[in-house]
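Hello,

Here is the structure to go with the backbone and surface notes below. Please read the notes alongside the sequence.

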Amino acid sequence: MYLSLWPGKPYPLGAHWDGKGTNFALFSEHAEAVELCLFDKYGRETRLSLREVSNFVWHGYVPSIGPGQRYGFRVHGPFAPQEGHRFNPNKLLIDPYAKAIDGDISFGEEIFGYRWDDPKEDLGFSDLNDAHLVPKAVVVDETFDWEGDELLQTPAHETVIYEMHVKGFTTLHPEIPRKFRGTYAGIAHPAAISHLQALGVTAVELMPIHHFLAYPGHLVDKGLKNYWGYDSIGYFAPYSGYSRGSQGEQVKEFKQMVKALHKAGIEVILDVVYNHTGEGNHMGPTVCLRGIDNASYYRLVEDNPRYYMDFTGCGNSLNVRHPQVLKLIMDSLRYWVQHCHVDGFRFDLASALARELFAVDRLASFFDIIHQDPTLADVKLIAEPWDVGEGGYQVGEFPLLWSEWNGKYRDTVRDFWRGEDSSLAEFAYRFTGSSDLYMPNGRNPHASINFITAHDGFTLNDLVSYNHKHNEANGEDNRDGDSHNRSWNCGEEGEINDPKITKLRKRQRRNFLATLMLSQGVPMMVMGDEMGRTQGGNNNAYCQDNEVSWLNWDLQEENEALLDFTCQLIDFRRKHPVFRRRKWFQGRAIHGSGVDDIGWFNPDGGEMTEEQWNSGYAKAIGIFLNGQEIGTPGPQGQRIIDDSFLLLFNAHYEMLEFTLPKGLKDWEWLTIIDTTKPRFVVRGKRYFDDIPIPVSARSIVVLRQLGMIQREEED
């Protein structure tokens, strides 16, 4: 067919429909020629040479082309891997700015830029056409009726995050119609939203929804699939596999999901993977950036650019030192906020983005740009503060505006409850928001994203049921996944019927959840932990797109008490601001009550000694939280007053008796939480004076302060 091609404009990048035609623009600094490839409904290809180049942007305007049009690019240039260039016009390339991508990349020899039969590995040029294996980008109509929807901007200190997988959350949900299960529409369904509302979470953190490489060769050979999605190919396109529609309809379906969640008061946070792409190392396929301009988009080894710098363990690292790569990332972030109303982002392996040269630079250009961007100023920015490179563990080192997945919190709390020797001082820091990590650079407790479990690792149920990983189903002889999980099976490995061990495991689950929800900072829990989801001991289920990873909703009935307990905990946290302070504890009286805002006590009621703080064997502590001494005002400047609480933690293997501290004996205290019980205590026991408070082995007791004891005056 004959199509007109006008010069068009270099901005915006990608495909932009103006109601009459579509402008196409692609950045490539080292290309010698670029062809726009248009595909009809039968897969027939029409190529148009983009002859206009402005500031390395190749562009053209095609009248009459509109939404639903499928397209790609072929880019000509040197195939010189040893010089860092891997151009190959036989490979159809996905537009990195595509708003929609129609389908998955199919695995086959054709998608590789080099010949498989060449003894020089990746140095032999492939002349195989791969258009039949590569999904096409789709021109979309970006108009959408948001009906007045805006970002929710839930204050960080009021936030409770629920990490979830779009497909895994609803695939087995019996109340959601089959056609909606495993999709964006499934999450927007009232049955899914009602669960999130009943649970009380304020934000969902969606595992990667950027279009990704779902069928890499090493998994295809094993009959497996990339389930988690940490191999992005399109940073603007919602993954089409999570949608009922095609030809760009997934964009509208995603927006409908966001709108529905917002109406329910739930924010949407995206887990984004800007540190690497699914093209892998020098032996990986050529489907996008590698073929568009390998030397610009990727960090190459300086003295041997045939190879890639790999700070991620995934084969490559994006070249965030290049202005166009920074622009790509920033344009993507702004798009999801402005056009899709996303409330925040969790950055996978964020340390990799801070590597200006080799070392992690806290003031890298990436963070400077984000800090100055008005679109991103009011959204949640969460870092996974490590990568796999040297010096990549950067917990506590990210700049202002950023929160962090607090890996030290996870490790400390796990060690505490499994009985590992660790100091109570470390536990105290983590429980109160990790001031040692975040206060020195001006951040507040909400900089700490507290978590016990996440997608990567054991579920909560497996954390208390397995000492060792059981990843045999992944086909890697159980070599994959972390071997140091800080887990404890409570006496026997795996699923068992021993009533004593089962009872202890249930108590340990409640201990972890209670610790998480009562800590200062932002709590994050993972999908299904509220109802005892198990992966059978698999701590790296990245390739298990099946019942291993999907949420089994039958567990709601089986673990009804755990679900109720979790809902009660989150509601309890919401009602009591003393557990979600905006600012740090000061360790002194603020409003004149005469009692400090926080107090620390050993079981006999005395103040903690230096030896008790730092010895590894001490396993019990009492924490007083003074609701009369919250130093920060409410949103209208009002003083915030709450109940006061005494929290008694006993990680010892035997029951301990606690005594009320001297300054608290004149008050009556009511038991409201006892983690030996399956739910909150309905008729709690009362304590005052020297009445001993029994705290069972490996449990928590929470007491609420009542009125002062009325004592008769002595004659």
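Asp-477 is exposed, at 62% relative accessibility (buried means under 20% relative accessible area, exposed over 50%, partly exposed in between, with a 1.4 Å probe and protein chains only). Asp-477 sits in the loop between α12 (460–463) and α13 (499–518); helices are DSSP runs of H or I with at least four residues, strands are E runs of at least two, and both are numbered from the N terminus. Asp-477 is not a glycine, yet has a positive phi of about 55°.

The model is predicted: local features need pLDDT of at least 70, side-chain atom pairs count only at pLDDT 80 or more, and totals for chains, interfaces and linings use all residues. Residues are numbered from 1 along each chain as its sequence is written, and side-chain values use heavy atoms, with hydrogens and water left out.

Arg-698 is another non-glycine residue with a positive phi, near 50°. Its place is the loop between β28 (693–695) and β29 (699–708). Arg-698 counts as buried, with 17% relative accessibility.

Tyr-11 and Pro-12 are joined by a cis peptide bond, with omega about 0°. Pro-12 belongs to the segment before β1 (14–17).

On the surface, Phe-107, Trp-116, Tyr-215 and Val-220 make up a nonpolar patch with about 340 Å² of accessible area together. Areas come from the Shrake-Rupley method with a 1.4 Å probe, and for residues only the protein chains shown count as cover. Phe-107 lies in the loop between β10 (101–102) and β11 (136–138) and is partly exposed, at 30% relative accessible area.

Regards

Technical notes
Patch = residues over 30% accessible without salt bridge, like charges linked within 9 Å, V, L, I, M, F, W, Y side chains within 5 Å. Salt bridge = Lys/Arg side-chain N within 4 Å of Asp/Glu carboxyl O.
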